[in-house]
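Here are my notes on the model, for you to read beside the coordinates. They are in numbered points.

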Amino acid sequence: MKAFFLLIGLALCSFGTPSFAQVATEEPTVVDDIQIDVKGVTLTTKGDTATVELYLISYTRGGRELNLNSFASGIVDSKGQPYLYESMRIGKVLVKASDRQNYTHYLLEEDVPVKLVMRTAGWKKQWGMPQQFKLVFEDSGEQGKFLEVIIDL
């Protein structure tokens with residue numbers, strides 16, 4: 001009798017067990033041979049500063065120069081409004097909005113992830129968590145043409 005219940009139990013288990021793991025179905029964002037991965041989104045405890053961390057990975061053989069339009073890039077709130085950064089760090093390069101630097105040039109090496117951290121002060125709690133990140137950089141194939149990429153956070 002025990003063997004009978006054991007066989008029935010094994011048969012039921014073979015039909016499949018429920019899985020509680022989430023499977024990531026979203027493809028990574030790749031634009032102009034640059035993969036953009038979201039590392040994290042945070043708000044300070046007061047809720048007055050939003051921070052977005054991304055990883056940028058170049059697939060271009062031999063690397064490429066990233067010409068980032070720093071004034072057009074920014075963190076987007078729940079209503080779709082982009083906000084200018086207070087500070088932006090790409091790799092070891094720190095740029096502050098007070099520097100009034102329109103473009104940030106950075107050499108991306110092939111298959112080497114580079115961390116991009118953008119911090120926006122003056123964030124209001126009623127805006128909630130940042131929803132998107134707007135990244136604007138120059139097309140590698142056409143000088144003077146800029147690509148605007150909206151990354152969901």
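1. Start with T104. This residue sits in strand β9, which covers residues 103-108. The model is predicted, so read every value here as computed from it.

2. Is T104 buried or exposed? Its relative accessibility is 2%, so T104 counts as buried; the cut-off for that class is under 20%.

3. What does T104 touch, once neighbours within four places in sequence are left aside? Its contacts are L66, N67, L68, S70, M88, I90 and V95. Two of these residues, M88 and I90, come back below in the strand pairings.

4. Now the sheet. It is open and has 6 strands, in the order β1-β2-β3-β10-β7-β8. The pairing is antiparallel. At the edges stand β1 (29-31) and β8 (93-96). Each has a single partner strand, so one side of each lacks a neighbour in the sheet. On average, neighbouring strands are turned by 20 degrees against each other, direction ignored.

5. In general, strands of a sheet pair through backbone hydrogen bonds, either parallel or antiparallel. Take the pairings here one by one. Strand β3 (residues 49-58) runs antiparallel to β10, and 8 bridges join them. Within β10, L116 stands opposite L54.

6. On to β7. Strand β7 is joined to β10 by 4 bridges, again antiparallel. M88 has M118 of β10 as its bridge partner. M88 is also one of the contacts of T104.

7. Strand β7 (residues 87-90) also pairs with β8, in the antiparallel sense, over 4 bridges. Here I90 faces V93 of β8. I90, too, is among the residues in contact with T104.

8. Next, the aromatic residues. How many aromatic pairs does the structure hold? The count is 5. One of them joins Y83 and W127, and it is stacked. The ring centres are 4.3 Å apart, with 25 degrees between the planes. Stacked means planes under 30 degrees apart, so this pair falls in that class.

9. Where do the two partners sit? Y83 is in strand β6 (residues 82-83). W127 lies in the loop between β10 (114-121) and β11 (132-138).

Technical notes
Residues are numbered from 1 along each chain as its sequence is written. This is a predicted model: local features need pLDDT of at least 70, side-chain atom pairs count only at pLDDT 80 or more; totals for chains, interfaces and linings use all residues. Side-chain values use heavy atoms; hydrogens and water are left out. Rings of Phe, Tyr and Trp (its six-membered ring) pair if their centres lie within 6.5 Å; planes under 30 degrees apart count as stacked, over 60 as edge-to-face and the rest as tilted. Helices (H or I, at least four residues) and strands (E, at least two) are DSSP runs, numbered from the N terminus. Two strands pair if DSSP finds at least two bridges between them. Axes are lines fitted to C-alpha atoms, for helices over the stretch in contact, and angles run from 0 to 180 degrees between N-to-C directions. Buried means under 20% relative accessible area, exposed over 50%, partly exposed in between (1.4 Å probe, protein chains only). Contact means heavy atoms within 4.5 Å.
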